[in-house]
Amino acid sequence: MTEDLFSAEIRGAIKAAQADVCALHAYLPKSGLVAWTSGNVSARVPGADLMVIKPSGLEYEQLTPESMVVCDLDGNVVEGGYKPSSDTGSHAYVYRNMPEVGGVVHTHSGYATAWAARGEPIPCVLTAIADEFGGEIPVGPFALIGDATIGEGIVATLSGSNSPAVLMRNHGVFTIGKSARAAVKAAVMVEDVARTVHLARVHGEVRPLDSADIKALHDRYTNAYGQNGEK
Ligand SMILES: [Zn+2]
């Protein structure tokens, strides 16, 4: 029997993260956020400097827990039979620089990416935006795909922002969360509000929310809403 690279505890955490990330990928096509193989979810492995992420180019129906690639926080593959997502370097950069983040999601969901194509933040004009994003949903810089440059733009834009979502200019959406599930939820919500604000603007100007109301809504939602801290 070959010796495991990891302790039983870390091995258990890796397996749990792989199962979680595999299952969470189902929300992307189900919520209409992705076309073909675009989009990806990753999770930090608690207790280790590791992450698990979608393999590159596999269709959503082909994903299994075992196919989720284990990488270190520099984006190097530690274990797995597939190449990891081409966004791995950027996910890893986020985990290295935002220790509170446990999950990262990327999509090119249509309405939100249309805002990214214009380089226009989504204004905070709905209670749902105040609740979930605590203000406007910001735009991050344009960056080429492949290394950690996108990650630098995500961290620079989201550090000090209430928003768990950033619209990366001319590209798409990245979301972060305490867990991968929270990041998936933010990806679903950003597309939902991007669509609503788009529809509102078809027939006229949108009305901004007062900043004191935004703060009150965000505080209530962050601290009081939901069951046992689940949002
Ligand atoms: Zn992309």
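The dialogue below takes up the labels in turn.

Tutor: This is a predicted model, in which local features need pLDDT of at least 70 and side-chain atom pairs count only at pLDDT 80 or more, while totals for chains, interfaces and linings use all residues. Residues are numbered from 1 along each chain as its sequence is written, and side-chain values use heavy atoms, with hydrogens and water left out.

Student: What makes residues count as protein donors of the zinc ion, and which are they?

Tutor: Donors are N, O and S atoms within 2.8 Å of the metal (3.2 Å for Na, K and Ca), and since water is not among the atoms, sites may look incomplete. The NE2 atoms of His 106, His 108 and His 171 lie 2.0 Å from the zinc ion, so they meet that limit. Along the sequence these donor residues follow the spacing H-x1-H-x62-H. His 108 sits in the loop between β5 (103-107) and α4 (110-118), and His 171 in the loop between β7 (165-168) and β8 (172-177), so the pair ties together parts that are 63 residues apart in sequence. Helices (H or I, at least four residues) and strands (E, at least two) are DSSP runs, numbered from the N terminus.

Student: Why is His 171 called buried, and what is His 108 called?

Tutor: Buried means under 20% relative accessible area, exposed over 50%, and partly exposed in between (1.4 Å probe, protein chains only). His 171 has 11% and therefore counts as buried, whereas His 108, at 37%, falls in between and is partly exposed.

Student: Which label does Trp 36 get, buried or exposed?

Tutor: Its relative accessible area is 67%, which is over 50%, so Trp 36 is exposed. Trp 36 lies in the loop between α2 and β1, and has a positive phi of about 55 degrees although it is not a glycine. Asn 170, in the loop between β7 and β8, also has a positive phi, of about 60 degrees, and is not a glycine either.

Student: How many disulfides are there, and how do you know?

Tutor: A disulfide is a pair of cysteine sulfur atoms within 2.5 Å, and by this rule the count is zero. For Cys 71, the closest cysteine sulfur is that of Cys 22, at 16 Å, which is too far for a bond. Cys 71 is itself buried, with a relative accessibility of 0%, and Cys 124 is buried at 8%.

Student: What makes α3 mostly covered?

Tutor: Eight of its 10 residues are buried, and these residues pack against β1 (40-45), β2 (50-53), β3 (69-72), β5, α6 (149-158) and β8. One of the buried residues is Thr 88, for which the relative accessible area is 3%. Contact means heavy atoms within 4.5 Å, and, leaving aside its neighbours within four places in sequence, Thr 88 is in contact with Met 51, Ile 53, Cys 71 and Gly 75.

Student: Which residues does Thr 37 touch?

Tutor: Not counting residues up to four places away in sequence, Thr 37 touches Lys 54, Gly 57, Leu 58, Glu 59 and Tyr 60. Thr 37 lies in the loop between α2 (27-30) and β1, and, from C-alpha to C-alpha, Thr 37 and Glu 61 are 9.9 Å apart in space although 24 residues apart in sequence.
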